[in-house]
Amino acid sequence: MASALSSSVFAAPASSLRTRARRNPPPLGARGPSNFNPLPSRALVPRKCCTVRSALLQDNEEKVVVEESFESKSIFDKERSRSSDGASEGSSTSDLERWTIKVEQSVNIFLTDSVIKILDTLYSERHYARFFVLETIARVPYFAFMSILHMYESFGWWRRADYLKVHFAESWNEMHHLLIMEELGGNAWWFDRFLAQHIAIFYYLMTVFMYALSPRMAYHFSECVESHAFSTYDKFLKAQGEELKKLPAPEVAIKYYTGDDLYLFDEFQTSRPPESRRPKIENLYDVFLNIRDDEAEHCKTMKACQTHGTLQSPHSNPEYAFEDDLGCILPEANCEGIVDCIKKSVTSSQN
């Protein structure tokens with residue numbers, strides 16, 4: 001079918017093409033095959049691989065769907081298709097690279113499933129307590145990412161402000177989720193606070209180590225956690241939706257989602273233009289619906305981060321930025337993992 005389309009497109013007579021060329025000559029400096037660029041620069045960012053979609057707060061709107069992307073085989077296949085489309089780095093086509101990705105994702109799946117089993121056992125009927133534990137854990141990786149990136153900056157290995165901005169905005173969003181759960185009484189038991197805080201400490205240390213060795217693996221693990229959070233809130237909305245619509249929204253949720261300053265709210269949603277999502281909060285159902293959709297946006301951002309160097313702040317993305325802001329975009333040094341950073345540092349010092 002592709003060959004048939006190709007032949008039909010290029011079947012125009014040569015004389016017709018020459019006539020069009022004389023009537024509409026290309027501008028000077030744009031002639032030659034080296035300048036032909038049919039795709040915009042935005043196409044290099046692999047957004048099409050992210051099937052997570054965020055909905056607004058109307059009951060009759062399209063359902064938000066998060067792909068179960070932490071199945072090892074499906075992600076592995078996506079990495080291969082992304083590479084064949086030219087959107088991923090050339091090294092991902094090697095057998096060693098593909099094997100490494102598969103091992104990383106298998107480890108992440110095992111860790112995620114283990115945590116889910118623990119939460120299912122302890123919090124099968126205590127929803128707010130489970131959400132409190134989830135949100136205490138969920139913001140930890142963004143602290144870890146920023147810790148490593150700040151260390152790289154101190155050594156002169158990394159100068160990519162977009163990553164720091166986006167990760168801080170993600171932690172800010174998760175912090176407000178946590179404040180909402182605390183206002184709903186999710187932290188009432190000492191045991192829940194003790195468990196959540198100690199898991200968070202272990203999770204932070206593990207993520208720091210993982211991110212230093214392989215940012216791709218750390219981002220994928222965070223995607224797994226965010227995907228589970230989305231699934232948890234989605235099931236809760238389906239089971240308790242009618243009751244939630246009768247309850248008032250917490251004050252902290254109203255201030256966060258409908259306040260005047262929503263810069264950071266826009267910042268963590270890297271797949272959409274700023275100010276394109278403005279929630280309404282009328283009851284507790286709306287609050288949990290927005291929290292669920294926030295988790296979907298986190299999934300998309302973590303998915304994009306797994307392709308090195310593609311993450312952009314929505315406020316500095318040339319596709320979304322105002323014309324006056326484009327002059328502020330500067331070249332930035334970067335590296336992938338501590339081994340790559342040290343290697344590039346030694347190479348640059350020799351040159």
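**Charged pairs and their surroundings**

Author: E242 and K245 form a salt bridge in which the closest N and O atoms are 3.9 Å apart; the term requires a side-chain nitrogen of Lys or Arg within 4 Å of a carboxyl oxygen of Asp or Glu. The model is predicted, so local features need pLDDT of at least 70 and side-chain atom pairs count only at pLDDT 80 or more, while totals for chains, interfaces and linings use all residues. Residues are numbered from 1 along each chain as its sequence is written, and side-chain values use heavy atoms, leaving out hydrogens and water.

E242 is exposed, since its relative accessible area is 55%, whereas K245 is partly exposed at 30%. Buried stands for under 20% relative accessible area, exposed for over 50%, and partly exposed for what lies in between, with a 1.4 Å probe and protein chains only.

In total, the structure holds 14 salt bridges. Another of them joins K238 to D234, with the closest N and O atoms 3.3 Å apart. K238 and D234 are both in helix α9, four residues apart, which is about one turn of the helix. Helices are DSSP runs of H or I with at least four residues, numbered from the N terminus.

R292 is buried, with a relative accessible area of 8%, and D293 is buried at 0%. Through shared partners, salt bridges join D234, K238, R292 and D293 into one network.

Rings of Phe, Tyr and Trp (its six-membered ring) pair if their centres lie within 6.5 Å; planes under 30 degrees apart count as stacked, over 60 as edge-to-face and the rest as tilted. F131 and Y233 make a tilted pair, 4.7 Å from centre to centre with 40° between the planes. Because F131 belongs to helix α5 (residues 127-138) and Y233 to helix α9 (residues 215-244), this pair ties together parts that are 102 residues apart in sequence. F131 is buried at 1% relative accessibility, and Y233 is buried at 0%. F131 and Y233 also belong to one aromatic cluster with Y128, F236 and F288.

A second tilted pair is formed by F145 and Y211, with 4.7 Å between the centres and 35° between the planes. F145 lies in helix α6 (residues 140-154) and Y211 in helix α8, so parts that are 66 residues apart in sequence are tied together. Both F145 and Y211 are buried.

E104 lies in α4 and is buried, as its relative accessible area is 9%. Apart from neighbours within four places in sequence, E104 is in contact (heavy atoms within 4.5 Å) with S214, R216 and M217. Other buried residues of α4 include I101, N108 and I116. By contrast, I118, also in α4, is partly exposed, with a relative accessible area of 45%.

Conventions:
Helix = DSSP H or I, 4+ residues; strand = E, 2+ residues; numbered from the N terminus.
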